[in-house]
Structure formats: C-alpha cells, structure tokens
Amino acid sequence: MELRHLEAFKTVCEQLHFTKAAEMLNIAQPTLSQQIKALEEEIGTPLFDRLGKKILVTEAGQILYNQCTQIFRNLDYAYDAINDLRTMQRGKLVLGVLPCDVDELLTPAVIEFHQSFPNIQLLIQDSDRIVEEVLEGSIDIGITTVPVIHDSRLIHLPLYTEQFAVAVSKNSELAVRSEVTLNELKDWKLVLFPDHHPCRKLINSLCEEQDFSVSPIIETSAMISLMRLVKNNVGAAILPKPLLQSWDERFYHIINLIKPTPERDISIIYRSDKFLSQAGRAFISRIMKQFT
C-alpha cells in the first residue's frame, strides 16, 4: 500500500468528486481513478459507491479514511519532531482558549514567548470544543475549564481558580457597593454573553439552583461591546474577576458576587501521544509562571 494511493483516497473522500480531487493533487483524473482502483483491488472491497456523477464512501471506505487520517497526522508529528530536533523550534503553535475571556489574560505570556521564539507563528483561537479539538489534533495546547473528560491521551495541568464578580460603571449609583448576592441580580439591568457562552452557562446554572433566571437587557458575544456598555452605564456585567481587574479602573467599579460566588477551575491540556515542541513546552512554562 503506497502513501500516494492513500493520499489520493483521502482527497477523494474529502472532496467526493474525482475531478476536484485530481485538480488538488495536480494529476490527471484517469491517473487518480487508476490509483483508487489499485487500492480497492489490494484491499479487496469497494471504497466508493458510484451513483452516476455522484460518489459516496462505503463503510469499508470510512474505516480506511479514519485510519488514513491518523496515518498522515502521525507523519506530520514525526516531521515536526525531526524539525524540532534539528532547529530547537517549531514553525507554528496552535493554542485554544475559552471564548472572549482567558485569551485577554494571556498577553504577558504571549509577549514573553514571542521575544524568546520570534520566528514561531502563534495562533490563538477561541473555542468551546477545546478538549475535542486537542484530541483531534487541530489544537496543540488548550486552556479550558475543569472537569476535563477522562482520556488517557490527555495531560491535564491545573492552572488557577477564578471567581466571578460584577462590573458597573464608575458613574453608576451601584458603584458604592462592595458586594452583591446572586439573588439581587434578578432586579438589576445586566449586559451579558449569550446563553451558549461558557461564562453565561455557569451563571445560568447557579441562578436555576436559586429558582430564578437572569434577563439581560442586551446580549453580545463581543467583549469590547460589553466593556463599552458597562462604561456607558447601560448595565452591569458578570465576568471572571481576573478579567475585570484588567479593565481600566478609572471607568469601572468591581463588586464582589456572593451567596454563592461563581467560580471555575482553569487548566492546561495537551495530548500525551502528540509531539509537543520545545517551544510548546516553553509556552506552557510561561503560562504556569504567570498564573501560579
């Protein structure tokens, strides 16, 4: 079984079109068809159902595709490891973070990392599927909430525990408050993330335990919008306290949230069976140093 045949098969599976796949592989369509036929003969079963111009992957084809994807992913890991051994650095590091909040706290670690590894491309992307994407291999390092699913392939490093608080405008009449109970918030004007956001889910679950729900006057998934709305005294926001403490204290007042105080544990995760470069390990070290 040749790698070029597997590459051709994988491309056809992803395109479900022989002509498009041939163009992507930069080969003639008859050549591609011959490679697929040779692979089917070697395996002894059809890999595609051909229905006129339309093709579908057979059950056997799906099994081979899943394994084929893992083969090429492992090859990528091997190339990365060899390159890292030779150069002591890697060209790209992909970091997955919780939407809209944790990433804003990473700036000091990012700056320090870039100063040490200026030639490495660091991609920071928001995701609410961090664990899944780490396991899939599309993210190298994830920063997410605990609990993390139990999987022998995952390395889990506890990072910090963050409590939630309330931010109001310095011009708000509420700016004299030092603390507020969760139950009181049902009567406040609030600006919050949408229901699908991890921060909002935590707030909603605690409110449900106390038999009420919050009804924000404005919902937005944009952090900058929340900041502007609070600054202009449109409403109060409920967010992680470390994040609120990074806002300009000239414009915002932080009120401690009690009875109960929402909190969540944040951790670093990465795959134990995936190559992690020296740069990746250095980045983890910087994050741990910043938060612990």
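Predicted model: local features only at pLDDT ≥ 70, side-chain atom pairs only at ≥ 80, totals over all residues.
1. Helix 8 itself spans residues 223-231, and its buried residues are Met223, Leu226, Met227, Leu229 and Val230. They sit on the same side of the helix, because the arc they cover around the axis is only 165°.

2. What does that buried set of helix 8 pack against? Quite a list: strand 6 (154-169), strand 8 (191-192), strand 9 (218-219), strand 10 (237-240) and strand 11 (252-258), along with helix 9 (241-244).

3. Now for a helix pair. Helix 5 (residues 107-116) packs on helix 10 (residues 278-291) with an angle of about 145° and the axes 9 Å apart. The crossing of helix 5 past helix 10 is right-handed. On the helix 5 side, the contact uses Pro108, Ala109, Val110, Glu112, Phe113 and Ser116; helix 10 supplies Ala279, Phe283, Arg286, Ile287, Lys289 and Gln290. By class, the residues of this contact come out as 7 nonpolar, 2 polar and 3 charged.

4. On to the rings, where the count is 5 aromatic pairs. One of them is phenylalanine 9 with phenylalanine 48, a tilted pair at 5.6 Å centre to centre and 50° between the planes. Phenylalanine 9 belongs to helix 1 (residues 3-15) and phenylalanine 48 to strand 1 (residues 48-51), so this pair ties together parts that are 39 residues apart in sequence.

5. Phenylalanine 113 and phenylalanine 283 have ring centres 5.1 Å apart with the planes at 90°, so they are edge-to-face. With phenylalanine 113 in helix 5 and phenylalanine 283 in helix 10, the pair ties together parts that are 170 residues apart in sequence.

6. Why do phenylalanine 113 and phenylalanine 283 count as buried? The cut-off is under 20% relative accessible area. Phenylalanine 113 has 1% relative accessibility, so it counts as buried. Phenylalanine 283 has a relative accessible area of 0%, so it is buried as well.

Technical notes:
Residues numbered from 1 in each chain as written. Heavy atoms only, no water. Axes fitted to C-alpha atoms, helices over the stretch in contact; angles between N-to-C directions. Helix = DSSP H or I, 4+ residues; strand = E, 2+ residues; numbered from the N terminus. Left-handed = near helix turned anticlockwise from the far one by under 90°. Contact = heavy atoms within 4.5 Å. Nonpolar A, V, L, I, M, F, W, Y, C, P; charged D, E, K, R; others polar. Buried < 20%, exposed > 50% of the residue type's maximum accessible area, 1.4 Å probe, protein only. Arc of directions from axis to C-beta. Phe/Tyr/Trp six-rings, centres within 6.5 Å; stacked < 30°, edge-to-face > 60°.
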